[in-house]
Amino acid sequence: MDPTLLVESRAPAAVLRRDRVFRRALVGADVLSGLLVVGLDIRVFGALGPGMTGLALLPLIVLINTASGLYKRDELLLRKSTLEEGPALFRAATLTTVVAFLLESAVLATPIGARLFAVTWLGLSVLMIACRVAARAIARGITPSERCLLVGDVAVAARLGAKLGASPNVKASLVGRLAQESKPESVGSGLLGTLDDLPRVVAEHDVHRVIVAGDAGSHQRVLEAIQRAKALGTRVSVLPRMFEVVGSSVAFDYLDGLTIFGVRRFGLSRASRRVKRAFDVVGSGLGLVVLAPFMAVIGVVIKLTSPGPVLFRQTRVGRDGHTFEMLKYRSMYEGADARKRELLPRNEADGLFKIADDPRITRVGRFLRRTSLDELPQLFNVFRGQMSLVGPRPLVIDEDRRVEGWYRRRLYLTPGMTGDWQVFGAARIPLREMVTIDYLYVSNWSLWADIKILLRTIPCVVGRRGQ
């Protein structure tokens with residue numbers, strides 16, 4: 001390999017400006033969260049709240065978050081999402097609160113009370129996340145789109161281009177691709193040359209980030225692509241397809257310079273299952289109690305506006321392949337299933353049955369579907385244990401028969417009211433890709449992952465992106 005490739009150049013000015021905007025926005029968000037917490041403490045506790053040393057929170061937040069890498073993280077990522085760093089922010093909030101109150105207690109005759117400590121920690125944990133979400137949204141709005149170049153084949157380019165255009169937390173575009181090998185290839189589909197043309201293409205197309213498909217060529221060529229891109233000063237990302245099989249939940253094992261991936265056991269342990277079930281029972285129980293009057297009103301409106309039952313029952317495939325009756329508010333006229341065959345030519349989804357202007361839907365049902373209110377009765381399914389708040393998408397029997405091979409391991413978990421399939425857009429994702437998403441959800445499950453999906457479902461439903 002050319003020794004000059006080992007020397008990394010300074011990043012282009014546009015890349016440095018973007019990184020600077022995001023970094024300053026995050027610092028400002030953290031300082032603002034500290035100020036809000038101090039103000040909250042003074043408001044709640046008055047003279048018993050933090051004194052002047054409470055302002056130690058402000059530099060401590062920045063110092064601890066810097067040491068945790070929370071200001072450099074966005075430089076590495078295309079998808080700049082605050083929820084992904086939630087656990088790190090909770091740890092930083094805990095450490096910041098502990099150190100700040102140790103300093104505070106050192107100058108006071110009496111120690112700080114537990115209530116003040118708890119309010120400060122909880123406020124800082126919540127406000128840091130909220131302020132960072134707003135800061136990233138502002139930074140994304142005022143910075144230009146990140147220009148990406150793929151080193152890989154046409155199939156990967158098509159998938160990557162679609163993902164970049166669909167994700168709400170990504171502001172990036174694919175300017176083209178390079179072939180890793182020098183063999184002849186079709187000039188279509190955005191092909192700009194081969195890996196040897198990388199310096200020219202980066203300069204001509206103002207490339208900010210080079211994405212290397214990790215299994216699209218030999219190990220040596222992949223390494224060379226990464227080194228060439230780093231030598232040009234661009235940001236570099238690697239797209240390893242193997243994680244579609246093993247998931248991202250792996251342990252890195254370093255054996256005297258040799259990196260080995262330790263792949264965790266597929267699925268949930270018995271303890272994790274109990275945690276997930278307890279989360280479902282509490283969540284669905286609270287939901288049913290709080291929403292009971294509202295759900296009763298919806299039922300009355302359905303009954304008064306069209307003949308037929310209030311609830312629609314449909315057989316779906318659940319955990320371990322067992323079927324169950326999934327509940328929804330009826331949103332179609334009676335006899336809708338009998339018309340499905342005649343509407344098949346109008347189907348707009350790959351592997352699923354979806355029609356944008358389905359004539360079988362009632363006027364009330366159209367509103368319920370747009371707002372996802374027709375899904376509320378599934379809280380009963382969750383409480384019974386037939387469904388989970390978050391999980392793989394429950395498929396009808398005909399759709400489930402099309403899922404084959406190791407993808408059927410998606411049935412290892414109880415299907416959910418929502419999941420990544422809902423957040424990404426249930427109507428836009430082909431069946432083959434949906435079952436891959438479900439499989440990865442099962443292989444990478446954590447309680448925090450469920451909480452993140454529930455939080456992301458809210459703007460998805462409000463923005464009607466899941467329909």
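In the hairpin built by strands β8 and β9, with five residues between the two strands, Asp 320 takes a positive phi near 60°. This is a predicted model, in which local features need pLDDT of at least 70 and side-chain atom pairs count only at pLDDT 80 or more, while totals for chains, interfaces and linings use all residues. Numbering starts from 1 along each chain as its sequence is written, and side-chain values use heavy atoms, without hydrogens or water.

**The antiparallel sheet.** Helices (H or I, at least four residues) and strands (E, at least two) are DSSP runs numbered from the N terminus, and two strands pair if DSSP finds at least two bridges between them. Strand β8 (residues 311-317) is joined to β9 (residues 323-329) by seven antiparallel bridges, and Thr 315 of this pairing stands opposite Glu 325 in β9. Strand β8 also runs antiparallel to β11 (residues 395-396), with two bridges between them: Arg 316 has Val 396 as its partner, and Val 317 has Leu 395.

**The parallel sheet.** A second open sheet has five strands, ordered β3-β2-β1-β4-β5 and paired in parallel. Its edge strands are β3 (191-194) and β5 (235-239), each of which pairs on one side only. From one strand to the next the twist averages 30°. Strands β4 and β5 share five parallel bridges, and Ile 211 stands opposite Ser 237 in β5. The loop between α7 (198-204) and β4 (209-213) holds Asp 206. Like Asp 320, whose phi is positive, Asp 206 is a residue other than glycine with a positive phi, here near 50°.

**Helix packing.** Helix α1 (residues 13-45) and helix α5 (residues 114-142) have axes that come within 7 Å and cross at roughly 150°. Such axes are lines fitted to C-alpha atoms over the stretch in contact, with angles from 0 to 180 degrees between N-to-C directions. The contact of α1 with α5 has 19 nonpolar, four polar and six charged residues.

Ring centres within 6.5 Å make a pair, stacked if the planes are under 30 degrees apart, edge-to-face if over 60 and tilted otherwise. The count comes to one aromatic pair. Elsewhere, Lys 80 lies over the face of Phe 22, at 5.3 Å from the ring centre; the rule asks for NZ of Lys or CZ of Arg within 6 Å of the centre and within 35 degrees of the ring normal.

**Exposure.** Buried means under 20% relative accessible area, exposed over 50% and partly exposed in between, with a 1.4 Å probe and protein chains only.

| Residue | Class | Relative accessible area |
|---|---|---|
| Phe 90 | partly exposed | 29% |
| Trp 448 | buried | 19% |
| Asp 206 | partly exposed | 39% |

Terms used:
Nonpolar A, V, L, I, M, F, W, Y, C, P; charged D, E, K, R; others polar. Phe/Tyr/Trp six-rings, centres within 6.5 Å; stacked < 30°, edge-to-face > 60°.
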